[in-house]
Amino acid sequence: MTLVKTKIGRRAFIRNTGLAGGGLVLGFNWLASCKMTPEQVRSLPKEWFELNGFLKVGDNGLVTIMSPNPEIGQNVKTAMPMIIAEELDVAWKDVIVEQAPLNTTIFTRQLAGGSQSIRQGWESLRMAGATARHMLKEAAAQAWQVPFSEITTKEGQLMHEASGKSAGFGEMASAATGIEVPEEVELKENTNFSIIGTDIKNVDGEKIVTGKPLFGLDVQREGMLTAMIVHPPAFGMKYKGMNAESVKSMPGIKDVFHFEVYPEDTEKQWSDGGGIPELVAIVGNSTWECMQAKKALEVEWQEDSKLESTAYHDEALTALLEKAPEQPARKDGDVEAAFKKAAKIVESTYSAPYLAHNTMEPMNFFAHVTPEKAELLGPIQTPEFLELTLASRLGMPVEKIDVMMTRMGGGFGRRLYGTFAVEAAVISQKMNAPIKLVYTREDDMTQGTYRPAYKVKYKAGLDEKGNLIAWHVRGAGTNDDLIFENRFPAGAVDNYLAEKHSLQTNVTTGAWRAPRSNFIAGAEQAFMDEVAEASGKDPIEFRLELFDRAINNPVGEPETNDYDPERYAGVLKLVKEKSNWTSNANGKSRGVSAYYCHNSYVAQVLDLEDGDGMPKVGKVWCAVDCGIVVNPLSAKNQVEGGIVDGIGHATYSALSFKDGKPEQSNFDRYRLIRNTEAPKEIETFFVDNGIDPTGLGEPSLPPIVGALANALYKATGRRHYSQPFINERPPLVG
Amino acid sequence: MATYTLNINGKKQEVDVDPSTPILWVLRDHLSLVGTKYGCGIAQCGACTIHLDGKATRSCVLPVSSIGEQKITTIEGLSENGDHPVQKAWLEVDVPQCGYCQAGQIMTASALLESNPNPSDEEIENAMNGNICRCGTYLRIRKAVKMAAKS
């Protein structure tokens with residue numbers, strides 16, 4: 001066992017000994033609170049979030065473990081309690097999992113984002129379990145008058161071998177509440193894990209398959225009204241006026257009013273990004289009645305700023321790629337000189353459109369705001385920030401605001417931006433009634449915080465022997481500068497130049513599953529394939545040579561290169577082996593790709609099969625190094641989901657604009673991948689290295705776009721540069 | 001407004017609503033049967049799938065006035081104890097990620113197996129193609145449908 005300092009201000013422990021049944025309750029708040037900026041959310045600093053655990057031991061031995069973080073389908077509601085249960089040494093069958101409420105006194109970092117819940121929570125969650133186990137052991141030692149060191153635990157039992165005494169955790173729980181919180185705790189060796197590393201099914205599975213109310217949209221309360229919003233039809237427009245009277249008399253309609261979501265004096269958090277300052281609210285008895293009134297209501301809008309179209313975004317991004325920014329993001333050696341002496345030069349430009357998040361559950365939130373208090377309940381990835389905005393907007397101290405999280409029907413970054421919850425609260429306050437705000441699918445799709453549109457230009461130089469001697473990348477995005485200058489191949493090329501631009505637009509953007517990586521990985525890995533081909537080398541061998549360079553003789557200080565080349569090469573070698581890689585395999589068109597993001601390494605090989613005249617995705621092999629895999633079953637689910645998501649969006653999805661107005665507003669024109677279009681098979685392999693776990697909700701998505709692009713080239717003989725691939729003419733995929 | 005007597009999950013239920021109200025909102029808002037989900041409102045995503053006389057039907061575009069005597073089954077009524085073979089297979093395979101679309105997926109799958117107890121891979125994929133899963137659980141959906149078909 002490893003002895004670990006609990007790193008705890010012990011006064012930060014909250015003990016509640018007043019539980020019915022004499023249970024033991026421990027709260028954890030190890031680290032000081034920190035506020036995140038959008039930049040931090042995107043750039044994933046090493047020490048980003050704090051984490052908390054919370055558990056109750058019942059006198060019958062059952063253990064309730066609170067899952068502190070929001071659940072958006074990444075399965076932390078199962079995985080985080082597994083880590084606590086492991087160190088507590090309780091049998092999983094004796095664990096009850098509950099979603100913790102937002103409680104900034106007990107918990108910190110209650111956030112779903114950046115694939116960081118497990119990574120950031122790992123040590124704290126383990127200590128949460130281990131500390132409780134320590135106190136139970138101490139209670140037993142005192143009760144039995146035996147040395148602490150002679151007490152052992154197993155699956156919820158305390159044992160003293162010499163005297164033959166034993167007791168369940170439940171029997172010692174009450175006494176344990178009187179034990180001083182230890183300054184040091186023992187953590188298990190990885191080899192002794194009995195829960196971590198096993199397949200545990202989704203703790204909400206039964207509720208999901210039987211249709212139990214779990215999601216924000218399912219919330220119903222006595223006297224609750226339904227609310228909908230009407231927002232400007234185009235980015236760049238704002239409210240001018242309306243005639244609400246005829247609509248107010250429609251059946252079931254209680255009120256129609258214009259309101260300011262964010263008056264100027266509102267102290268906004270980064271999570272309010274994308275919020276529309278003024279909206280119209282429709283409040284009524286039922287959803288359908290509100291929908292009917294929404295259709296009938298005529299609102300006048302006026303132009304507030306430029307009405308932008310996709311053609312404009314495209315031209316402006318292209319223009320940005322033509323010029324060098326004032327400062328490079330990173331510069332090693334002399335690329336210009338290297339290009340002059342290069343034997344071969346490869347140049348390509350890649351682009352991708354805006355994407356909507358399109359969580360299957362549209363935005364919604366329940367709010368009941370009275371002069372005394374505010375109760376909020378719904379799907380939110382950033383509850384703590386929501387509470388702060390509400391305090392400012394409602395003019396209420398945070399102590400009087402209660403934010404609770406429901407399971408979320410998808411997140412993908414959309415629910416980082418809780419403007420809809422603020423809207424719900426403001427409407428409830430105005431109505432002095434409990435309300436549930438519901439966005440229609442159209443509302444959801446046409447006022448998003450979208451994945452930005454991107455464009456990137458690559459240029460590579462090879463010497464006579466096909467060695468990469470120069471690499472120049474210049475990227476631009478809408479409200480986003482796209483480039484991670486210290487990621488691969490930075491550090492593996494002598495002459496390297498990374499440059500980035502951001503195009504300011506009034507179309508609101510934000511984090512979308514694997515921000516920036518979701519585009520740049522595919523572009524980079526497709527370009528890498530072109531360069532490998534020009535070098536005359538096998539695409540995997542070409543990459544491995546670069547990793548060898550980064551391992552043995554890195555350019556720049558190794559710590560400035562934002563990846564570990566050995567782990568990177570490791571997943572590539574693993575996928576090579578598992579897929580029996582040869583570049584012209586068995587008549588099938590294959591592509592390979594590898595990428596590092598969210599602290600994890602992923603390499604993939606994708607086979608295309610002949611469809612009806614067009615290629616279809618066959619099998620995907622995926623190698624992942626995310627350190628210790630807490631729950632292999634759901635880890636594979638995450639990996640599969642990311643692969644399907646990546647293939648789907650790169651192939652089929654786009655959000656375009658005409659005069660500021662989104663041209664797609666529902667799934668009839670916005671195409672998402674469907675069952676027949678998903679890969680035939682996905683096989684996932686995890687590197688077993690015992691390293692502390694890293695992110696998994698996002699990393700499998702970015703590289704698959706490159707693997708698909710590279711396989712498509714093999715199938716069609718054409719490189720493709722513009723997403724979605726389905727729009728390429730002649731079509732590449734069906 | 002008009003009164004309708006509906007046969008839902010084997011029980012008669014009376015509602016007083018506008019005739020144009022889609023059955024989805026009757027279920028969710030008026031009868032508190034919220035297992036049937038709203039996803040798009042235009043019959044494109046399948047989240048709202050119910051059985052109408054045993055056939056998989058999109059409830060978001062189906063006015064209550066058009067139901068008549070037809071029997072409605074929702075996810076809440078698919079089985080008494082959540083033990084329909086499709087539900088059991090869904091748990092065994094650990095299909096759901098976020099879980100929001102899964103009630104609709106299960107209703108489509110169970111209607112498929114009712115009419116075609118031994119579907120081919122292609123028949124499964126085609127039958128499930130109308131149900132979008134944003135989390136990308138499609139491979140496990142196929143596997144679970146096959147497992148349910150065998151049981």
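Q: Which are the buried residues of H7(A)?
A: They are A:Thr287, A:Trp288, A:Glu289, A:Cys290, A:Met291, A:Ala293 and A:Lys294. Buried means under 20% relative accessible area, exposed means over 50%, and partly exposed lies in between, with a 1.4 Å probe and protein chains only. This is a predicted model, in which local features need pLDDT of at least 70, side-chain atom pairs count only at pLDDT 80 or more, and totals for chains, interfaces and linings use all residues. Residues are numbered from 1 along each chain as its sequence is written, chains are lettered from A and ligands numbered from 1 in the order in which they are written, and side-chain values use heavy atoms, with hydrogens and water left out.

Q: What covers the buried residues of H7(A)?
A: The cover includes strands E10 (225–230), E12 (253–260) and E13 (278–284) of chain A, as well as helices H6 (245–248) and H12 (441–446) of chain A. Helix H1 (23–30) of chain B also belongs to the cover.

Q: Which feature does UniProt place at residues 210–305 of chain A?
A: The UniProt record, an unreviewed entry, gives "domain: Aldehyde oxidase/xanthine dehydrogenase a/b hammerhead" for residues 210–305 of chain A. Such annotations may be inferred rather than shown by experiment; positions are given in the numbering used here and feature names are shortened. In the model, that span is 15% helix and 33% strand, and its end C-alpha atoms lie 48 Å apart.

Q: What makes A:Thr676 count as buried?
A: The relative accessibility of A:Thr676 is 13%. A:Thr676 sits in the loop between strand E28 (661–662) and strand E29 (681–686) of chain A.

Q: Which residues does A:Thr676 touch, not counting residues up to four places away in sequence?
A: A:Thr676 touches A:Lys616, B:Glu125, B:Asn126 and B:Asn129. Contact means heavy atoms within 4.5 Å.

Q: How do you know that A:Gln604 is buried?
A: Its relative accessible area is 0%, which meets the definition of burial. A:Gln604 belongs to strand E25 (residues 600–610) of chain A. Among the residues that A:Gln604 touches, not counting those up to four places away in sequence, are A:Val575, A:Trp621, A:Cys622 and A:Ile704.

Q: What makes the backbone of A:Asn75 and B:Asn9 worth noting?
A: Most residues other than glycine have a negative phi, and most peptide bonds are trans. A:Asn75 has a positive phi of about 70 degrees, and B:Asn9 has a positive phi of about 50 degrees. A:Asn75 lies in the loop between strand E4 (63–67) and helix H2 (76–88) of chain A, whereas B:Asn9 is in the loop between strand E1 (2–8) and strand E2 (11–17) of chain B.

Q: Why is A:Asn75 classed as buried and B:Asn9 as partly exposed?
A: The relative accessible area of A:Asn75 is 4%, so A:Asn75 is buried. B:Asn9 has 26% relative accessibility, so B:Asn9 counts as partly exposed.

Q: Which peptide bond to A:Pro489 is cis, and where does A:Pro489 lie?
A: The bond from A:Phe488 to A:Pro489 is cis, with omega near 5 degrees. A:Pro489 lies in the loop between strand E22 (468–478) and strand E23 (495–503) of chain A. The bond from A:Gln723 to A:Pro724 is also cis, with omega near -5 degrees, and A:Pro724 is found in the segment after helix H17 (701–716) of chain A.

Q: How do you know that the radius of gyration of chain A agrees with that of a compact globule?
A: A compact globule of 734 residues would have a radius of gyration near 27 Å, and chain A has 27 Å, so the two agree. The radius is taken over C-alpha atoms, and the globule rule is 2.2 Å times the number of residues to the power 0.38. Chain A comprises 17 helices and 29 strands, and 66% of its residues count as buried.

Q: What makes chain B as compact as a globular protein of its length?
A: Chain B has five helices and five strands. Its radius of gyration is 15 Å, close to the 15 Å that the globule rule gives for 151 residues, so the description holds. Buried residues make up 59% of chain B.

Definitions and conventions: Helices (H or I, at least four residues) and strands (E, at least two) are DSSP runs, numbered from the N terminus.
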